Amino acid sequence: MPGPKGPGLHVTYFPAPMQILAKCPKCDAGLPVRADDGATAITCGGCGRDIPLTISEALKTDRAVDRCPVCEGNDFYIRKDFDPKVGLTVIVIGAIVSGVFYWFGKDLIAYSILAAAALIDLVVYGRLKDLTVCYRCHSEFRGMYERRAPAFDLHTADVLELEYERRIGRR
Ligand SMILES: [Zn+2]
Ligand SMILES: [Zn+2]
(Lines give C-alpha, C1' and ligand atoms only; values in the text may rest on other atoms or scores of the structure.)
(Ligands and ions follow the chains in the order given, each with its own letter.)
Protein backbone atom coordinates (compact mmCIF):
# COMPACT_ATOMS: atom_id res chain seq x y z
CA MET A 1 0.00 0.00 0.00
CA PRO A 2 1.45 3.38 -0.96
CA GLY A 3 1.50 5.90 1.86
CA PRO A 4 -0.49 9.12 1.92
CA LYS A 5 2.33 10.97 0.13
CA GLY A 6 2.13 8.68 -2.91
CA PRO A 7 4.34 5.88 -4.14
CA GLY A 8 7.33 8.06 -5.04
CA LEU A 9 9.29 8.91 -8.17
CA HIS A 10 7.97 6.23 -10.50
CA VAL A 11 4.49 7.77 -10.50
CA THR A 12 5.90 10.16 -13.10
CA TYR A 13 5.37 7.38 -15.63
CA PHE A 14 1.79 6.49 -14.74
CA PRO A 15 0.02 5.64 -17.99
CA ALA A 16 -3.55 6.79 -18.63
CA PRO A 17 -6.12 6.61 -17.03
CA MET A 18 -5.91 9.34 -14.45
CA GLN A 19 -4.97 8.18 -10.98
CA ILE A 20 -6.69 9.70 -7.99
CA LEU A 21 -5.36 9.49 -4.46
CA ALA A 22 -8.54 10.16 -2.49
CA LYS A 23 -7.98 11.40 1.06
CA CYS A 24 -10.24 9.98 3.75
CA PRO A 25 -12.10 12.91 5.40
CA LYS A 26 -11.89 11.17 8.76
CA CYS A 27 -8.36 9.80 9.06
CA ASP A 28 -6.49 11.34 6.07
CA ALA A 29 -5.45 7.95 4.66
CA GLY A 30 -4.59 8.08 0.95
CA LEU A 31 -6.76 5.73 -1.11
CA PRO A 32 -5.74 5.08 -4.74
CA VAL A 33 -8.63 5.10 -7.21
CA ARG A 34 -8.62 4.80 -11.00
CA ALA A 35 -10.70 7.60 -12.43
CA ASP A 36 -12.17 5.42 -15.17
CA ASP A 37 -13.34 2.42 -13.18
CA GLY A 38 -16.67 4.05 -12.37
CA ALA A 39 -16.54 3.69 -8.58
CA THR A 40 -19.23 5.69 -6.81
CA ALA A 41 -17.91 4.97 -3.32
CA ILE A 42 -14.85 3.53 -1.64
CA THR A 43 -14.26 2.23 1.84
CA CYS A 44 -11.31 3.60 3.76
CA GLY A 45 -8.81 0.89 4.63
CA GLY A 46 -7.66 2.93 7.62
CA CYS A 47 -10.86 3.65 9.53
CA GLY A 48 -13.58 1.78 7.60
CA ARG A 49 -15.50 4.89 6.65
CA ASP A 50 -17.49 4.81 3.39
CA ILE A 51 -16.51 7.68 1.14
CA PRO A 52 -18.90 8.59 -1.67
CA LEU A 53 -17.16 9.55 -4.91
CA THR A 54 -18.50 11.78 -7.65
CA ILE A 55 -16.06 11.37 -10.52
CA SER A 56 -16.68 13.94 -13.25
CA GLU A 57 -16.56 13.15 -16.96
CA ALA A 58 -13.39 15.23 -17.38
CA LEU A 59 -11.65 13.16 -14.70
CA LYS A 60 -12.77 9.86 -16.22
CA THR A 61 -11.37 10.80 -19.60
CA ASP A 62 -8.21 12.39 -18.16
CA ARG A 63 -8.97 15.75 -19.78
CA ALA A 64 -8.91 18.03 -16.74
CA VAL A 65 -9.29 18.17 -12.99
CA ASP A 66 -12.49 20.18 -12.71
CA ARG A 67 -14.20 18.89 -9.59
CA CYS A 68 -12.91 16.93 -6.65
CA PRO A 69 -14.66 13.54 -6.37
CA VAL A 70 -14.27 13.49 -2.57
CA CYS A 71 -15.31 16.98 -1.43
CA GLU A 72 -16.80 18.34 -4.67
CA GLY A 73 -14.62 21.42 -4.39
CA ASN A 74 -13.23 23.05 -7.50
CA ASP A 75 -10.16 24.78 -6.13
CA PHE A 76 -6.86 23.09 -6.87
CA TYR A 77 -3.16 23.85 -6.95
CA ILE A 78 -0.28 22.11 -8.65
CA ARG A 79 2.97 20.99 -7.14
CA LYS A 80 5.92 18.87 -8.22
CA ASP A 81 5.39 15.17 -7.72
CA PHE A 82 8.41 14.94 -5.47
CA ASP A 83 9.21 12.56 -2.66
CA PRO A 84 11.53 14.52 -0.32
CA LYS A 85 12.95 11.24 1.02
CA VAL A 86 14.52 10.45 -2.37
CA GLY A 87 16.19 13.86 -2.61
CA LEU A 88 17.53 13.53 0.90
CA THR A 89 18.93 10.06 0.19
CA VAL A 90 20.95 11.39 -2.75
CA ILE A 91 22.39 14.18 -0.60
CA VAL A 92 23.18 11.86 2.32
CA ILE A 93 24.96 9.31 0.11
CA GLY A 94 26.83 12.16 -1.59
CA ALA A 95 27.91 13.51 1.79
CA ILE A 96 29.17 10.12 2.99
CA VAL A 97 31.18 9.40 -0.18
CA SER A 98 32.46 12.96 -0.16
CA GLY A 99 33.49 12.57 3.50
CA VAL A 100 35.63 9.53 2.63
CA PHE A 101 37.55 11.47 -0.01
CA TYR A 102 37.91 14.43 2.36
CA TRP A 103 39.37 12.08 5.00
CA PHE A 104 42.06 11.01 2.55
CA GLY A 105 42.92 14.64 1.77
CA LYS A 106 41.27 14.75 -1.68
CA ASP A 107 39.39 17.96 -0.97
CA LEU A 108 38.67 18.81 -4.59
CA ILE A 109 37.10 15.42 -5.33
CA ALA A 110 35.13 15.65 -2.10
CA TYR A 111 33.63 19.02 -3.03
CA SER A 112 32.92 17.84 -6.59
CA ILE A 113 30.94 14.87 -5.29
CA LEU A 114 28.86 17.10 -3.02
CA ALA A 115 28.18 19.46 -5.90
CA ALA A 116 27.25 16.54 -8.16
CA ALA A 117 24.78 15.22 -5.57
CA ALA A 118 23.13 18.64 -5.32
CA LEU A 119 23.00 18.82 -9.12
CA ILE A 120 21.36 15.39 -9.42
CA ASP A 121 18.71 16.58 -6.99
CA LEU A 122 18.07 19.67 -9.09
CA VAL A 123 17.86 17.73 -12.35
CA VAL A 124 15.48 15.14 -10.88
CA TYR A 125 13.33 17.91 -9.44
CA GLY A 126 13.16 19.78 -12.75
CA ARG A 127 12.06 16.68 -14.67
CA LEU A 128 9.24 15.76 -12.35
CA LYS A 129 5.71 16.19 -13.58
CA ASP A 130 3.25 18.34 -11.73
CA LEU A 131 0.38 16.80 -9.88
CA THR A 132 -2.85 18.51 -8.96
CA VAL A 133 -3.96 18.71 -5.34
CA CYS A 134 -7.37 19.61 -3.91
CA TYR A 135 -7.13 22.59 -1.57
CA ARG A 136 -9.90 21.32 0.70
CA CYS A 137 -9.40 17.60 1.21
CA HIS A 138 -5.85 17.21 -0.23
CA SER A 139 -6.81 14.49 -2.70
CA GLU A 140 -4.18 14.14 -5.45
CA PHE A 141 -4.59 13.74 -9.20
CA ARG A 142 -2.05 12.33 -11.65
CA GLY A 143 -2.55 11.97 -15.38
CA MET A 144 -1.73 13.30 -18.81
CA TYR A 145 -4.31 16.11 -18.67
CA GLU A 146 -3.26 19.70 -19.14
CA ARG A 147 -2.31 21.41 -15.87
CA ARG A 148 -4.33 24.56 -15.38
CA ALA A 149 -4.36 25.00 -11.62
CA PRO A 150 -2.22 27.79 -10.12
CA ALA A 151 0.68 27.24 -7.72
CA PHE A 152 0.01 26.78 -4.02
CA ASP A 153 -1.26 29.82 -2.14
CA LEU A 154 -1.17 29.70 1.65
CA HIS A 155 -4.02 32.13 2.20
CA THR A 156 -6.36 30.22 -0.12
CA ALA A 157 -5.39 26.99 1.62
CA ASP A 158 -6.17 28.41 5.07
CA VAL A 159 -9.59 29.62 4.01
CA LEU A 160 -10.64 26.52 2.08
CA GLU A 161 -9.29 23.97 4.57
CA LEU A 162 -11.14 25.68 7.40
CA GLU A 163 -14.35 25.73 5.38
CA TYR A 164 -14.00 22.02 4.55
CA GLU A 165 -13.14 20.94 8.09
CA ARG A 166 -16.14 22.83 9.45
CA ARG A 167 -18.36 21.17 6.86
CA ILE A 168 -17.24 17.66 7.74
CA GLY A 169 -17.30 18.46 11.46
CA ARG A 170 -13.62 18.25 12.28
CA ARG A 171 -13.56 21.73 13.84
ZN1 LIG B 1 -10.22 6.74 7.00
ZN1 LIG C 1 -11.29 17.58 -2.41
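This is a predicted model: local features need pLDDT of at least 70, side-chain atom pairs count only at pLDDT 80 or more; totals for chains, interfaces and linings use all residues.
**Helix pair**

I started with α2, residues 84-103. Its 20 residues should span 28 Å at 1.5 Å a residue, and I get 28 Å between its end C-alpha atoms, so the two agree. Just past α2 I checked the backbone at G105, where phi is positive, about 80 degrees.

Next came α3, residues 107-127. How far apart are the axes of α2 and α3, and at what angle do they pack? I noted 8 Å and about 175 degrees. That angle is over the 145 cut-off, so α2 and α3 go down as roughly antiparallel to each other.

Then I looked at who meets whom. On the α2 side I listed G87, V90, I91, G94, A95, V97, S98, F101 and Y102. Facing them in α3 are D107, I109, A110, I113, L114, A116, A117, I120 and D121. Sorting the residues of this contact by type gave me 13 nonpolar, three polar and two charged.

**Core**

I moved on to the largest nonpolar core, which has 24 residues. Which residues have the most contacts inside it? My list reads I20, A22, A35, V70, C71, C134 and C137. Three strands each supply at least two residues of this core: β1 (19-23), β2 (30-34) and β6 (130-134).

Leaving out residues up to four places away in sequence, C134 touches C68, C71, G73, F76 and S139. C71, one of those partners, is also on the list of core residues with the most contacts.

**Two aspartates in a loop**

Last stop was the loop between β2 and β3, where I found D36. D37 is placed in the loop between β2 and β3 as well, with β3 covering 41-43.

Is D37 buried or exposed? I count 9 C-beta neighbours inside 10 Å, so D37 is exposed. D36 has 14 other C-beta atoms within 10 Å, which means it is partly exposed.

For contacts, I set aside residues up to four places away in sequence, and D36 then touches P17 and K60.

Key:
Residues are numbered from 1 along each chain as its sequence is written. Chains are lettered from A and ligands numbered from 1 in the order in which they are written. A nonpolar core is a set of buried Ala, Val, Leu, Ile, Met, Phe, Trp, Tyr and Cys residues joined through C-beta atoms within 7 Å. A residue is buried if 20 or more other C-beta atoms lie within 10 Å of its own, exposed if 12 or fewer, and partly exposed in between; C-beta atoms are placed from the backbone. Helices (H or I, at least four residues) and strands (E, at least two) are DSSP runs, numbered from the N terminus. Two residues are in contact if their C-beta atoms, placed from the backbone, lie within 7 Å. The expected span of a helix is 1.5 Å times one less than its number of residues. Axes are lines fitted to C-alpha atoms, for helices over the stretch in contact, and angles run from 0 to 180 degrees between N-to-C directions. Angles under 35 degrees count as roughly parallel, over 145 as roughly antiparallel, 65 to 115 as roughly perpendicular and the rest as oblique. Ala, Val, Leu, Ile, Met, Phe, Trp, Tyr, Cys and Pro count as nonpolar, Asp, Glu, Lys and Arg as charged, and the others, Gly among them, as polar.
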